[in-house]
Structures are given as structure tokens and as C-alpha cells.
Amino acid sequence: MPTPFSDLDSRLHRAVVDHRARGGGPASVSVWFGDLDGRPRYTHEAEAPHYAASTMKLPLVVAAHRRAVRGEIDLHADVPVTGTFASVLDGTPFALDESEDQDPLTWGAVGGSRTVAELADAAITESSNIATNLLLDVVGLEEVAEVLRLVGCSPRTVVGRGIEDGAARAAGITNTVTASDLGLVMAAVGRRDAALGGEPVLGPVEGLLARQQHVDQVPAGLPAGTPTASKSGWIPGVSHDVALVRPEGEEPFVLAVCTTIDLEETEAAAFVAGVARDVWAAAHAEEARA
């Protein structure tokens, strides 16, 4: 017997088929909807890999706070600010493009410094690329990989390099995610997973996620005023969002939507918001039938 979620499944499948039929090229849509224990309630192609875009900043900031709580880095320590970085492949320098970023405060500090805490804040709330690369140099790729391992992510989710590391990208070193793995990371934040350090690590991380400025994807598809803590990502052809949702009077949940589909940025965000709206409606319709 069809359920509200099976209807949603059909619509998502049809959206991909229709996009391809219109000449839009390859397309993939993935959804993971589950509770804070990491148990899925609905999935659609949730194990499919996608280029991570800015969602890689979520495990990075968790890793930064883990190291800080362990006393290995100081959140108040100053970090020299530069827009040039060393490739993880061979150490060759590469530069970020300020015009493609959205963080005037950190770019304005080039030649000066920002604290580790300020970099983590900018990486999430502004989705800053320069702050992300600076923070990654402080935290280290191994620490990010450990966060992914501890929450049980699949080998398909990898943070292998900084943003715009062209030499590494050409060599096949990349950043990929699945909707299910993003869901697992965010669920761990929501339940204050002891393996990641519990409240001292994850409380501040949720606070950052709750203040992020790019809320035109999953949060935009939920009823107005619904509390969310989220991390989105967008590049041409890729639009993702993962949100920890704490509706008043209801159980909290996590919704991750990953789309690799050739849509303009505003249209792609509206598509993800539409998926969130449909998941919300299906969940409540299913509860009404129970």
C-alpha cells in the first residue's frame, strides 16, 4: 500500500528523470531523514556519493572543537591570515579568489590575524572558504577523518583537501559526502555524542550551526519559525543541506538533502527547500495515519 513517503519517493525519481529528459544532463538526488540516534525514517538514494561543496565544513569544525577541548589547540590563539595555501598533493602554492568568497572580515585581515574561534565561526556562519582553509591547516585532515570514523561514516564520505586545491583535485584527491553520512554527523551533534566529546564539543558547534546565514535550502522548506541548525553547500551543479531540526512540541530530527543537478543557484535552493517541505508533509501525514 502506498504511503506518504512512497509518494515522495516517486516524485523524487520523476524529478530526476524529467530533468534528464529535458537535456539537463546527469542528475542525482539523495535524502536522509532520521532521528538523533542515527536511525533513518526515510531515505532516497542516500548512499550515493556527491561532491561535498561546503558541507565538508561541518566535520572540520567538530574536529576543531574536539582538539580544543582536549587542550591541543587554543580557540583564542591568533592565526596569520593569508589567501595562499600549500597543496596537500605536493606543497605547491595555490590561491583562493576573494571575489568567489563571502567573508569580508577574514579577507580584510589578510596580513594580520584571526583567532581559531573566529575562523570556525566564519567557516559555518558565512561559509567562508578562506577561513575554512586556514582552519584546516590548524586542525589537520587526520582529525577530520577521525570525526567521520567515530560517527560511522562510509568510505564514500571523505575530506581529502582544502577548497580550490587544484593540484590535488587534478590528482583525484577530493571531498565527497553522502546524505546518509551527513545525517549521521549531524545526528551526533544533536545527541551530543560522547565519542565526539559530548556537550563541551558539540554544544558550541550546534550554536554555530544555528547562526549560519545561508538558510534558503532545508530551513526554507520547513514551517516558519522552526528552529534549525544547519550547514549548506553550493557550487554550480551541486546543492546540499543538512539540518538538525528541533520543532516545538515534537521530537527533533535530522534531514540531509544532496543534489547533483544542473540548476541555477536560486532554483537549486528552491528544489532542496521543496524536498524539505515534502518530507515534513509526509512525516506528519504518516503520523496522522498511525
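Which residue in S9 is the bridge partner of Val159? Select Asn175 to see that partner. This is a predicted model, in which local features need pLDDT of at least 70, side-chain atom pairs count only at pLDDT 80 or more, and totals for chains, interfaces and linings use all residues. Residues are numbered from 1 along each chain as its sequence is written, and side-chain values use heavy atoms, with hydrogens and water left out.

**Stop 1**

Helices (H or I, at least four residues) and strands (E, at least two) are DSSP runs, numbered from the N terminus. Two strands pair if DSSP finds at least two bridges between them. Select S8 with S9 (residues 175-177): two bridges join them in the antiparallel sense. The open sheet runs in the order S3-S9-S8, with antiparallel pairing. S3 (50-51) and S8 (158-159) are the edges; each has a single partner strand, so one side of each lacks a neighbour in the sheet.

**Stop 2: helix H8**

Select residues 179-191. H8 has 13 residues and reaches 18 Å from first C-alpha to last, close to the 18 Å expected at 1.5 Å a residue. The expected span is 1.5 Å times one less than the number of residues. Color by accessibility: 12 of the 13 residues are buried. Buried means under 20% relative accessible area, exposed over 50%, and partly exposed in between (1.4 Å probe, protein chains only). Just after H8, Arg192 takes a positive phi of about 60 degrees.

Stay here for a salt bridge, meaning a side-chain nitrogen of Lys or Arg within 4 Å of a carboxyl oxygen of Asp or Glu. Asp193 forms one with Arg191, the closest N and O atoms being 2.9 Å apart. Asp193 is buried at 12%, whereas Arg191 is partly exposed at 32%.

**Stop 3: the nonpolar core**

A nonpolar core is a set of buried Ala, Val, Leu, Ile, Met, Phe, Trp, Tyr and Cys residues joined through side-chain atoms within 4.5 Å. In the largest, of 59 residues, Val61, Val62, Leu135, Met186, Leu209 and Val254 touch the most other members. Elements giving two or more residues include H2 (57-69), H8 and S12 (253-260). Apart from this core lies another of 26 residues, including Val29 and Leu263.

Select Val254. Contact means heavy atoms within 4.5 Å. Leaving aside neighbours within four places in sequence, Val254 is in contact with residues including Trp32, Met186 and Val242.

**Stop 4: the hairpin**

Select S10 (residues 228-235): six of its eight residues are buried. Eight bridges join S10 to S11 (residues 238-245), running antiparallel. Trp234 stands opposite Ser239. Two residues separate the strands of this hairpin, and Gly237 in the turn has a positive phi of about 90 degrees.

**Stop 5**

Select Gln212, in the loop between H9 and H10 (218-221). Gln212 is buried at 4% relative accessibility. Not counting residues up to four places away in sequence, Gln212 touches Ile124, Thr125, Ser230, Lys231 and Ser232.

Next, select Asp121 and Arg211. Their salt bridge brings the closest N and O atoms to 2.5 Å. Asp121 lies in H4 and Arg211 in the loop between H9 and H10, so the pair ties together parts 90 residues apart in sequence.

**Last stop: a network**

Select Arg66, Arg67, Arg70, Glu72 and Glu143, which salt bridges link in a network. Glu72 and Arg67 have their closest N and O atoms 3.0 Å apart.
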